Amino acid sequence: MSALVCVARIGAAHGVRGAVKLWTFTEDPFAVKRYGPLLSKDGKRQFEVAQAREAKDHLVATFKGVATRDEAERLNGIELYVARDKLPATDANEYYHTDLIGLAAVTTDGEALGRVLAIHNFGAGDIIEIAPPKGGTMLLPFTNAVVPEVDLASGRVVIALPQEIEGEDPSTSRPREGGDS
């Protein structure tokens, strides 16, 4: 079986007839209905979307076999997965996060930086998290300027490390101590 990819997370119950809030991680939120049964992370439970409608920033969905609010409440927080091979092919310069995680990260000069740990999006664009062999992780913008090359076949991403922020002098920059002044 191919790797599993997280496509949604079940949220709180919605109403009294077994509906839930469903947070999707797909380009088309309704794609979760087309993938067939969705799996729990361990693959032991299957969920099939019976109905879904759009809400403000999520879907309101019902699953086959879930008819009451109590049943829906027990699903809160479950992440839903599909096999990677059920997902559509990507276009050039498009990647599934799961395909990037674990790749080697190297500088434009070929120097090893570490491994791709995760891709995040906190609302202002994608961020690539790189875990170096020692020390804390690096969070960098996942843009063409910072990540000019992704080579899935070679298992690496090339990182053009950004320069210091203009006007910032790292030798004099220190966090303020104490409370408000």
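Two strands count as paired if DSSP finds at least two bridges between them, and the legends below use that criterion for a predicted model.

**View 1. Pairing of strand β2 with strand β6 in the predicted model.** Strand β2, which spans residues 19-24, pairs with β6 in the antiparallel sense, and 3 bridges connect the two strands. Within this pairing, L22 has L59 of β6 as its bridge partner.

**View 2. The hairpin formed by β5 and β6.** Strand β5 (residues 49-54) runs antiparallel to β6 and is joined to it by 5 bridges, with 4 residues lying between the two strands of the hairpin. One of the residue pairs to look for is V49 with F63, the latter being the bridge partner in β6.

**View 3. Side chains on the two faces of β6.** L59, A61 and F63 point one way from the strand, whereas V60 and T62 point the other way, and all of them are buried. Because 5 of the 5 residues of β6 (residues 59-63) are buried, that is, under 20% relative accessible area, the strand is largely enclosed by the rest of the structure.

**View 4. Confidence along the protein chain.** The mean pLDDT of the protein chain is 87, and 89% of its residues reach 70 or more. Among the elements of the chain, β6 has the highest mean pLDDT, at 97, while helix α2 (residues 97-100) has the lowest, at 87. Over residues 172-181, by contrast, the pLDDT is below 50, and this stretch has 2 contacts in the model beyond near neighbours in sequence.

Technical notes
Residues are numbered from 1 along each chain as its sequence is written. This is a predicted model: local features need pLDDT of at least 70, side-chain atom pairs count only at pLDDT 80 or more; totals for chains, interfaces and linings use all residues. Side-chain values use heavy atoms; hydrogens and water are left out. Buried means under 20% relative accessible area, exposed over 50%, partly exposed in between (1.4 Å probe, protein chains only). pLDDT is the predictor's confidence in each residue, from 0 to 100. Contact means heavy atoms within 4.5 Å.
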